[in-house]
Amino acid sequence: MKTLIVLCFLVVAILAPHISPADDSSGQTVIRAGSVPSKSVGAEHFTGRVRTDQGFKASAPARHYGATVTFEPGSRTAWHTHPLGQTLIVTSGRGITQEWGKEPTVILPGDVVMCPPGVKHWHGAAPDTAMTHLAISESAPGMATQWADKVSDEEYAKAAEKALKGVAR
């Protein structure tokens with residue numbers, strides 16, 4: 001009898017993680033490609049043509065949100081910080097990112113940019129090539145992206161020249 005009870009506990013222990021209640025409403029959510037309309041972003045914090053696709057926001061207690069962001073050639077964000085950081089995963093094209101007070105860097109498909117909380121930076125497309133990235137950030141009550149000045153055309157041109165120096169076009 002003891003063997004049967006131990007065997008039952010083992011079966012339950014092994015199968016329990018794979019069994020979900022029939023009325024489980026906390027399962028996965030699939031947002032189908034194309035089911036969320038593209039949105040053009042405003043000129044207040046961006047220069048050039050920029051759009052977001054497939055925006056998402058997690059349900060509590062998770063606090064991440066994100067979107068696929070496409071920058072047309074020469075388009076870019078203003079300088080900004082994220083209170084809880086930001087991760088960018090470049091999916092196509094060629095872009096540039098720069099941290100305040102540091103040299104600009106070219107970013108290419110497959111590159112992952114991890115920006116720590118509070119670090120002032122900007123990112124956007126190269127002058128001659130669009131760039132798309134998946135942007136993921138976290139939110140917290142009373143905390144939002146802090147936008148600063150726009151990256152001027154002169155500032156952008158200098159950054160692009162430095163970042164793309166020696167990069168095959």
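This is a predicted model: local features need pLDDT of at least 70, side-chain atom pairs count only at pLDDT 80 or more; totals for chains, interfaces and linings use all residues.
1. Let's start with helix 2, which covers residues 153-164. From first C-alpha to last, its 12 residues reach 16 Å, close to the 16 Å expected at 1.5 Å a residue.

2. Which residues of helix 2 are buried? They are Tyr 156, Ala 159, Ala 160, Ala 163 and Leu 164. Viewed down the helix axis, these buried residues fall within an arc of 110 degrees, so they line one face of helix 2. On the other side, Glu 154, Lys 158, Glu 161 and Lys 162 are exposed.

3. What covers that buried face? The cover over the buried residues of helix 2 includes strand 5 (76-77), strand 8 (95-99), strand 9 (105-107) and strand 11 (121-125). After the helix comes Gly 166, with a positive phi near 80 degrees.

4. The largest pocket holds about 450 Å³ of space. It is lined by 25 residues, and Phe 46, Thr 52, Tyr 65, Ala 67 and Val 69 are the closest to its centre.

5. Which strand gives the most to the lining of the largest pocket? Strand 4 does, with 5 residues. Strand 3 (50-57), strand 4 (64-71) and strand 12 (131-138) each supply at least two lining residues. By class, the lining of the largest pocket divides into 11 nonpolar, 12 polar and 2 charged residues.

6. The second largest pocket has about 240 Å³ of space. Its lining is made up of Thr 29, Ile 31, Phe 56, Lys 57, Ala 58, Ser 59 and His 64, which split into 3 nonpolar, 3 polar and 1 charged.

How values were computed
Residues are numbered from 1 along each chain as its sequence is written. Side-chain values use heavy atoms; hydrogens and water are left out. Helices (H or I, at least four residues) and strands (E, at least two) are DSSP runs, numbered from the N terminus. The expected span of a helix is 1.5 Å times one less than its number of residues. Buried means under 20% relative accessible area, exposed over 50%, partly exposed in between (1.4 Å probe, protein chains only). The arc is that of the directions from the helix axis to the C-beta atoms. Contact means heavy atoms within 4.5 Å. On a 1 Å grid over the protein atoms alone, a cavity is a set of points where a 1.4 Å probe fits but cannot get out, and a pocket is an open set with protein on both sides within 12 Å along at least five of seven lines; lining residues have an atom within 4 Å of a point. Grid points are joined across faces, edges and corners, and a volume is the space filled by probe spheres set on the points. Ala, Val, Leu, Ile, Met, Phe, Trp, Tyr, Cys and Pro count as nonpolar, Asp, Glu, Lys and Arg as charged, and the others, Gly among them, as polar.
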